[in-house]
Amino acid sequence: MWVGTENGLDKFDRKKGVFTHYKNDPNNKFSLSDNVVLALCEDKDGNLWIGSDGGLDKYNYQKNNFTNYSDINKKFRRNIVLSIYHDKADNMWVGTVNGLDKINIKTNKIEKFIMNPFENKNGNSNRVNAIIEDDENEIWAGTGDGFYRYNKKENSFYKILPDISNTDILINNNLLSLYKDLSGLVWIGTAEDGLVKFDREGLKIKHYKHDSFDKMSLSHNTVRSIFQEKNGTLWVGTLGGGLNRLEKD
């Protein structure tokens with residue numbers, strides 16, 4: 001079990017009950033690039049990728065060390081990595097503070113996507129906090145300024161939320177987490193504006209927010225993580241309100 005923290009990376013051996021802690025060593029180029037670890041992803045070949053304030057690292061299991069991807073591929077510039085997703089076509093999607101990189105792991109080909117070309121490259125829309133792939137192999141990105149969908153034909157992203165017709169439900173457009181549930185619905189965690197259930201087919205949304213007068217409401221409006229069990233129970237992790245459970249019924 002791998003745990004990313006703001007003070008390095010921890011590996012927990014559950015059989016032995018032992019933690020191994022990894023930190024950046026300025027004198028060792030094969031150490032972790034930075035101690036603020038923001039994203040973890042395992043590809044289909046079992047390789048572990050780490051996103052941090054120091055960029056994108058690949059963990060070398062045999063040598064028990066790290067290689068920064070910018071040293072493997074000079075075209076990849078070091079950047080703060082916020083999210084990583086490995087899709088079914090063997091592409092690695094890397095969300096950063098100023099855009100999204102699509103990397104073909106086999107060929108090391110890189111494509112750079114800017115969500116809003118009319119905005120400063122460091123603007124909120126180009127801060128890619130979360131990435132998911134749906135059952136139809138569509139790529140979706142949650143940014144600091146809304147929800148974007150990848151158009152394969154045009155090879156670009158376009159904004160879906162909060163621009164769907166006749167709604168202003170997403171008051172805060174800073175999206176922190178995305179999750180596709182077992183029925184195909186997409187759940188969106190926002191900063192300070194709760195949890196949104198998004199039906200892509202009908203472009204319908206349902207909003208869950210904290211209500212101080214309702215103890216059965218969402219405990220906090222900043223949602224950092226979402227996960228669903230096989231029985232349909234949804235777990236929602238918040239920033240300040242602990243863990244919430246939403247039953248299927």
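Trainee: What share of the contacts between residues at least 6 apart in sequence join residues at least 24 apart?

Mentor: In the protein chain that share is 39%. Contact here means heavy atoms within 4.5 Å. Bear in mind that this is a predicted model, where local features need pLDDT of at least 70, side-chain atom pairs count only at pLDDT 80 or more, and totals for chains, interfaces and linings use all residues. Residues are numbered from 1 along each chain as its sequence is written, and side-chain values use heavy atoms, with hydrogens and water left out.

Trainee: Switching topic. What is positive about phi of D90?

Mentor: Its value, which is near 70°, in a residue other than glycine. D90 sits in the loop between strand 8 (81-86) and strand 9 (91-96), and its relative accessibility is 9%, so D90 counts as buried.

Trainee: Then E192: buried or exposed?

Mentor: Exposed, at a relative accessible area of 61%. E192 also has a positive phi, near 75°, and belongs to the loop between strand 17 (186-190) and strand 18 (195-199).

Trainee: Which residues does T222 touch, leaving aside neighbours within four places in sequence?

Mentor: E192 is one of them, and L176, T190, A191, G237, T238 and L239 are also in contact with T222. T222 itself is in the loop between strand 19 (204-208) and strand 20 (223-228). With a relative accessible area of 7%, T222 is buried.

Trainee: Now charges. How many salt bridges are there?

Mentor: Nine. A salt bridge is a side-chain nitrogen of Lys or Arg within 4 Å of a carboxyl oxygen of Asp or Glu. One of them pairs D45 with K106, with the closest N and O atoms 3.3 Å apart. The two are 61 residues apart and link distant parts of the chain: D45 is in the loop between strand 4 (37-42) and strand 5 (48-52), K106 in the loop between strand 10 (99-104) and strand 11 (110-113).

Trainee: What about D135, which residue does its side chain meet?

Mentor: K180, in a salt bridge at 3.0 Å, N to O. This pair also links distant parts of the chain, 45 residues apart, from the loop between strand 12 (128-133) and strand 13 (139-143) to strand 16 (residues 175-180). D135 is partly exposed at 48% relative accessibility, and K180 is partly exposed at 23%.

Trainee: Which residues are joined into one network?

Mentor: D45, D90 and K106, through salt bridges that share partners. D90 is the buried residue with positive phi that you asked about.

Methods. Helices (H or I, at least four residues) and strands (E, at least two) are DSSP runs, numbered from the N terminus. Buried means under 20% relative accessible area, exposed over 50%, partly exposed in between (1.4 Å probe, protein chains only).
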